Amino acid sequence: LVGEIPDHDIRVDNTVGQVILDDNLISINGSSIRIGDSKIDFSGFVQRLDENATFDPADLVADIEFQSINFDNDLVKRIVPEWPLGGITSTRIVVDGSLDSLRISDARLNIGRSSVSVQGTLTGLPDSASFSGSLDIPFFDRADLESLIPSMANSKLMNVDSISVNSFLEA
């Protein structure tokens, strides 16, 4: 698929993939979307456990992997001017399980020299959300934070040049 969003001068360069629909299964294989400098590669499946019951999101199980997400936040800002983020981020996300117990085995955000990594379990969806897991920030640079959140550039909230965090979270 190739196209463009002419009002915003944005080109969809290359979209490929395979979607398989079955009675209780949606499978997405080797898919890729490229829009400007943004690229998302993903695959996985969503399956309905009880084919005889009325539809309930809690009856779904999933295994989804976003292998590579290079996301141009400035491109989004051209379409949605209120978008608070800037710069280009690189992300990887791997989740599996049911909606009410979703395991995040790898969620990683990279921007510039900085990175954030999260692993854990998200429970209670769709009605509420609880998270139990780890947060690892081996290095996060102030300049990278200001690139990601431009409104922080002149903030007095961040008086350090870099931070490093490794913690267990329950929220």
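In this predicted model, Asn-24 is found in the loop between strands E2 and E3. The residue is buried, with a relative accessible area of 16%. That value counts as buried because the cut-off is under 20%. Leaving aside neighbours within four places in sequence, Asn-24 is in contact with Val-46, Gln-47, Arg-48 and Glu-51.

Strand E2 spans residues 10-21 and strand E3 spans residues 25-35. Their pairing is antiparallel and runs over 8 bridges. Within it, Ile-20 stands opposite Ser-27 of E3. E2 and E3 form a hairpin, with 3 residues between them.

Strand E3 also pairs with strand E4, residues 38-48. Here 9 bridges join the two strands, which again run antiparallel. Ile-33 stands opposite Ile-40 in E4. E3 and E4 form a hairpin as well, with 2 residues between them. In the turn, Gly-36 has a positive phi of about 60°. In a regular strand, side chains alternate between the two faces of the sheet.

Ser-38 is placed in strand E4. At a relative accessible area of 8%, Ser-38 is buried. Residues up to four places away in sequence aside, Ser-38 touches Ile-33, Asn-70, Phe-71 and Asp-72. One of these, Asp-72, is 34 residues away from Ser-38 in sequence. In space, the C-alpha atoms of Ser-38 and Asp-72 are 5.2 Å apart.

The chain as a whole has 2 helices and 10 strands. From the N terminus on, the order of elements is β-β-β-β-β-α-β-β-β-β-α-β. The C-alpha atoms fill a box of roughly 55 × 45 × 25 Å, taken along the principal axes. The chain has 171 residues, and buried residues make up 29% of them. Its accessible surface comes to about 10300 Å². Carbon and sulfur atoms account for 56% of that surface. Contacts between residues at least 6 apart in sequence were also examined by sequence separation. Of these contacts, 37% join residues at least 24 apart.

Charge was considered next. The chain has 12 positive and 27 negative charges. Side chains of opposite charge can pair when their charged atoms come close. A search of the whole structure finds 8 salt bridges.

One of the salt bridges joins Arg-113 and Asp-141, with N and O 3.1 Å apart. Arg-113 lies in the loop between strand E7 (101-111) and strand E8 (114-123), and Asp-141 lies in strand E9 (residues 130-141), so the pair ties together parts that are 28 residues apart in sequence. Arg-113 is exposed, at 59% relative accessibility. Asp-141 is buried, at 13% relative accessibility.

A further salt bridge links Asp-106 with Arg-108. The closest N and O atoms of this pair are 2.8 Å apart. Asp-106 is buried, at 9% relative accessibility. Arg-108 is partly exposed, with a relative accessible area of 36%.

Another salt bridge is found within a helix. The side chains of Glu-146 and Arg-142 meet at 2.7 Å, N to O. Both residues lie in helix H2, residues 142-148. They are 4 residues apart, about one turn of the helix. Glu-146 is partly exposed, with a relative accessible area of 23%. Elsewhere, salt bridges that share partners join Glu-65, Arg-92, Asp-106 and Arg-108 into one network.

Conventions. Residues are numbered from 1 along each chain as its sequence is written. This is a predicted model: local features need pLDDT of at least 70, side-chain atom pairs count only at pLDDT 80 or more; totals for chains, interfaces and linings use all residues. Side-chain values use heavy atoms; hydrogens and water are left out. A salt bridge is a side-chain nitrogen of Lys or Arg within 4 Å of a carboxyl oxygen of Asp or Glu. Buried means under 20% relative accessible area, exposed over 50%, partly exposed in between (1.4 Å probe, protein chains only). Contact means heavy atoms within 4.5 Å. Accessible areas come from the Shrake-Rupley method with a 1.4 Å probe; for residues, only the protein chains shown count as cover. Lys and Arg count as positive and Asp and Glu as negative; His and the chain ends are not counted. The place of a charge is taken as NZ of Lys, CZ of Arg, CG of Asp or CD of Glu. Two strands pair if DSSP finds at least two bridges between them.
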